[in-house]
Amino acid sequence: MKSRVVLCLFGALCFAGVAPAFVDPYPRIETKSDVATLFFKSPEEINRRIESAVATLKAGLDYIVNQPAGSRTFDSTIRMEDRLSGFASLLAALLELTVMTHPDKVMRDAASQGYLKFSVFLVNEWGLNRSLYKAFCDYDRGLSAGSNEYLTCEQKCYLEHSLRSFELNGLGLPDDKLQELKVLCEKISEVGLQFQTNINNARAVVAVAPKDFAGVDDKLLDGLVCDDAGRYLLEVTASTYHAVLENCRVSKTREAVWAAFRSRAYPENQDVLKQLIALRGQLAALLGFASCAHLDLVNEMAKTPKRVIAFLDDMRAKSLKKYEREWTLWTENIPEGVELTSSGELHQWDVPYVKEAYKKRCLSLDEQALKFYFPVQHTVDALLSIYEQFLGIEFRQEPVQGLWHEDVRYIAAYARDGTLLGHIFLDLFPREGKFSHACEMSILPAVSSHAEGRYPAVIVIVANFPKPTLTQPALLPFESVRTFFHEFGHAMHALLGATDLVSFSGTATSRDFVETPSQMFEEWLYDPIVLKRISCHYQTGEALDDATIKLLCALRSFETGFFVRGQSGAARFALDCFSGVQLRDGKLPLLRDQIDYPGIGSDERDHSECSFGHLAVYGARYYSYLWSQVFAVDLFCCIKEQDGLLNESVGKRFAAQVLGQGGSRDPNEFMQEFLGREPRSDAFFRMFD
């Protein structure tokens, strides 16, 4: 059969006796040859496809808004907008992928410029399109007036979600108020950018005599310049901060580096953060919300600040017992060079050093030797087999031509009945100009329609794992294995989350839930049976021994109490910043006042709220990190209690009831259905106790 990209034609878009006025542009990718045609081959193609897409989207929007009164149907208005949105997202994702992964700088630059141009079009012609909003309102009024068109629960949800999104963009406001909102949004963007820029530009340097770097790896000192007094000049970054505080035996050096790191962007970001809090409060008030926190949470699983506060209070209270045990263990044998305060507390700058000393003494693990058990090829194959067994799917690794780099691997995913579920690409190794972290990208979301069948997903996993050498294969540090489980969990969410509407597919769910499935799949990695299965020494073929597996699990939980108290405190600080309860006296709240570590002293030099970059992006939603992890463990333990880690029947139920819902339902509902009760934190604390 000739390879092709199938473009669906909506019969529902026909007026009675009239030919279709517009062709749905959302593609169905049926073969690996089809999928290779998605990716850009030249800068000229990038520009050409952007121009073509803009023309297609304009024509589609015109088709929607110009329909005669009384003739609208769900398919001709709501579904068509959803398919156009999916088509726009496809192009945006391809441009972003090119920027992140293409080996040719000319291509990366062309895609970057194209992405900016296309984004401006989407904001102006879509997000702020009053005519499109009016079309949705017209259709909604028709339903309310007694239209006999039946909508599924998913379709009703999408209509409600879309109307709310338009209103959150200010399209329900009078013209003067909409203009005020636009100005506010521009100011918020500018101030948020300034906040992050100040963090990025913060350049703290400490001068340290060579003898005062005792315990620090010589590699850190290589290349450092010295001042006239012969002292090393160390730029304090996140990596140098951890290297010094965890290993340096000299207390005054740790203190100097700690103080420099905790005062980054201080005092310049104090006023900037005040402005950001005030502006977001004004935006929330303009849109009719009690606070910015209420606005931030309106589409989240948590729903309200009250529920987030209850969650954080619960986490803080339940973590205290574990934290106290940790503090006692760490301080039983305080290492040389650490002195408690007069009240018997640890100094802030001594905590990482004391924790690291305990790890070296009681939980020592040879990270280099551990890598030998995780050659990339075996690890990937074993991971695929585990997901196959649990979810009841089949992966076929096949060669494919015409991709952006020769290292990229292709995997086709099938259901047991032979249905093609999607195409997965693995771009796992580093190269010049490539995105330096790991991520999963849903290039083409999966769709499942009663009328049209399944549209397979197109998914890319990007990572930067060590490449093979002349003497050994590519070997993964354990942290990279964990990262791969996590990102592949996102991929499974995207693959199996096929919904009727593109905009609800896969990972298009609330921010405080989207990490839950992938974090749950990380938990597989700490199950002894699974660890035995995926580990294989590249020379001997042996799996990890029981003692090493036990040590890995102990390392994972040795500071859970400390972690939870830090995360819950930071999340409460972020929530309070945007809840309308701060700045009443004109003073900026302090992050250190919300993080409670009994036995660890506070210090007035700690101004880490000025470098808390998540505030400008997440706002009041910083809690979502901890929230998703807690409920991921709840899901994992529920599955494990059913002997279900490698049980296909349990896996298929999880795929149908959780992954398969995408964003089409409230996670509170389907989590409760799968668990048989409301989600809770008990399993999290049992696991890490």
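Guide: Let us begin with D643, whose place is in the loop between α23 and α24, where helices (H or I, at least four residues) and strands (E, at least two) are DSSP runs numbered from the N terminus. This is a predicted model, in which local features need pLDDT of at least 70, side-chain atom pairs count only at pLDDT 80 or more, and totals for chains, interfaces and linings use all residues.

The phi of D643 is near 55°, a positive value in a residue that is not a glycine. Most residues other than glycine have a negative phi, and most peptide bonds are trans. D643 has a relative accessibility of 66% and therefore counts as exposed; the cut-offs are over 50% for exposed, under 20% for buried and in between for partly exposed, with a 1.4 Å probe and protein chains only.

Another loop, the one between α10 and α11, holds A265, which is not a glycine but has a positive phi of about 60°. A265 is buried, because its relative accessible area is 3%. The loop between α10 (251-262) and α11 (268-286) also holds P267, and the peptide bond leading from Y266 to P267 is cis, with omega near 10°.

Helix α23 (residues 624-641) supplies eleven residues, the largest share, to a core that is the largest nonpolar core, with 122 residues, and in which F488, M492 and W524 have the most contacts. A nonpolar core here is a set of buried Ala, Val, Leu, Ile, Met, Phe, Trp, Tyr and Cys residues joined through side-chain atoms within 4.5 Å. At least three residues of this largest core come from each of domain 3 (269-362 + 559-687) and domain 4 (370-493 + 549-554), with bounds taken from an automatic or database domain assignment. M492, leaving aside neighbours within four places in sequence, is in contact with Y387, L391, I393, F395, I424, G497, F521 and L659, contact meaning heavy atoms within 4.5 Å. A second, separate core has 69 residues, including L91, W404, I443 and V502.

Helix α23 has a further partner in α25, whose buried residues pack against α13 (305-331), α23 and α24 (648-657). Within α25 (residues 667-675), the buried positions are P667, N668, F670, M671, F674 and L675, and just after this helix G676 takes a positive phi of about 80°. P667 is also one of the residues touched by T509, together with H493, V514, G662 and G663, when residues up to four places away in sequence are not counted. T509 itself is found in the loop between α17 (478-496) and α18 (516-522), and it counts as buried because its relative accessibility is 18%.

A further loop, between β6 (409-415) and β7 (420-427), contains R416. With residues up to four places away in sequence not counted, R416 touches E388, G392, I393, E648 and K652. R416 and E388 are 28 residues apart along the chain, and their C-alpha atoms are separated by 9.7 Å.

The domain assignment also gives domain 1 (32-172) and domain 2 (203-263). The centres of domain 1 and domain 4, taken over C-alpha atoms, are separated by 28 Å, and their contact takes 18 residues from domain 1 and 28 residues from domain 4.

Finally, consider how some helices cross. The axes of α3 (residues 74-101) and α6 (residues 153-168) come within 11 Å and cross at roughly 70°, the axes being lines fitted to C-alpha atoms, for helices over the stretch in contact, with angles from 0 to 180 degrees between N-to-C directions. These two helices are therefore roughly perpendicular to each other, on a scale where angles under 35 degrees count as roughly parallel, over 145 as roughly antiparallel, 65 to 115 as roughly perpendicular and the rest as oblique. In α3, F74, I78, R79, E81 and D82 meet Q155, Y158 and L159 of α6. The axes of α5 (residues 130-144) and α6 come within 10 Å and cross at roughly 140°, which makes α5 oblique to α6. There L132, Y133, F136, C137, Y139, D140 and L143 of α5 meet L159, S162, L163, F166 and E167 of α6.

How values were computed. Residues numbered from 1 in each chain as written. Heavy atoms only, no water.
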